[in-house]
Amino acid sequence: MRFRGKRPVRRLLDAWRVGGRWWLGEGGRDYFLLEVAGGLVLEVFREGERWVLSRVLD
């Protein structure tokens with residue numbers, strides 16, 4: 001697996017689910033904390049068919 005086709009993902013550090021506002025019909029989101037090549041740590045989530053970068057931790 002690669003992040004944006006450039007940095008290989010080294011390992012999955014954590015994963016969790018955040019519930020959406022059910023009263024508005026929103027579903028939950030699955031978040032992932034990834035370590036990529038170079039030691040960079042990224043928090044990402046899936047939105048439909050695309051991955052969204054939520055945070056970069058250094």
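**Exercise 1. A salt bridge between strands**

Which side chain meets E47 in a salt bridge at 3.3 Å, N to O?

*Solution.* 
Step 1. The partner is R29; its side chain and that of E47 meet at 3.3 Å, N to O.
Step 2. E47 has 31% relative accessibility and counts as partly exposed. R29 is partly exposed too, with a relative accessible area of 33%.
Step 3. Look for another contact of E47. The side chain of R50 also meets E47 in a salt bridge, at 2.7 Å, N to O. R50 is partly exposed, with a relative accessible area of 49%.

**Exercise 2. Strand pairing**

Work out how strand 3 pairs with strand 2 and with strand 4.

*Solution.* 
Step 1. Take strand 2 (residues 7-18) and strand 3 (residues 29-36). They pair in the antiparallel sense over eight bridges. In this pairing, V9 stands opposite V36.
Step 2. Turn to strand 4 (residues 41-47). Five bridges join it to strand 3, and the two run antiparallel. Here F32 stands opposite V44.
Step 3. Inspect the connection. Strands 3 and 4 form a hairpin with four residues between them. In the turn, G38 has a positive phi of about 95 degrees.

**Exercise 3. Aromatic rings**

Classify the ring pairs W22–W23 and F32–W51.

*Solution.* 
Step 1. Start with the total: the structure holds four aromatic pairs.
Step 2. The ring centres of W22 and W23 are 5.7 Å apart and the planes stand at 90 degrees, so this pair is edge-to-face. W22 is exposed at 69% relative accessibility, and W23 is exposed at 57%.
Step 3. F32 and W51 are also edge-to-face, with 5.7 Å centre to centre and 70 degrees between the planes. This pair links distant parts of the chain: F32 is in strand 3 and W51 in strand 5 (residues 50-57), 19 residues apart. F32 is partly exposed at 24%, as is W51 at 41%.

**Exercise 4. Surface and confidence**

Describe the nonpolar patch that contains W22, then check the confidence of the model.

*Solution.* 
Step 1. W22, W23 and L24 form the patch, with about 460 Å² of accessible area together. W22 lies in the loop between strand 2 and strand 3.
Step 2. G27 lies in the loop between these strands. G27 is exposed, at 54%.
Step 3. The chain averages a pLDDT of 87, and 91% of the residues score at least 70.
Step 4. Compare elements. Strand 3 has the highest mean pLDDT (94) and strand 1 (residues 2-3) the lowest (58). Where pLDDT is low, predicted coordinates should not be read in detail.

Terms used
Residues are numbered from 1 along each chain as its sequence is written. This is a predicted model: local features need pLDDT of at least 70, side-chain atom pairs count only at pLDDT 80 or more; totals for chains, interfaces and linings use all residues. Side-chain values use heavy atoms; hydrogens and water are left out. Two strands pair if DSSP finds at least two bridges between them. pLDDT is the predictor's confidence in each residue, from 0 to 100. Rings of Phe, Tyr and Trp (its six-membered ring) pair if their centres lie within 6.5 Å; planes under 30 degrees apart count as stacked, over 60 as edge-to-face and the rest as tilted. Buried means under 20% relative accessible area, exposed over 50%, partly exposed in between (1.4 Å probe, protein chains only). Patches are made of residues with over 30% relative accessible area and no salt bridge: like charges are joined within 9 Å, nonpolar side chains (Val, Leu, Ile, Met, Phe, Trp, Tyr) within 5 Å. Accessible areas come from the Shrake-Rupley method with a 1.4 Å probe; for residues, only the protein chains shown count as cover. A salt bridge is a side-chain nitrogen of Lys or Arg within 4 Å of a carboxyl oxygen of Asp or Glu.
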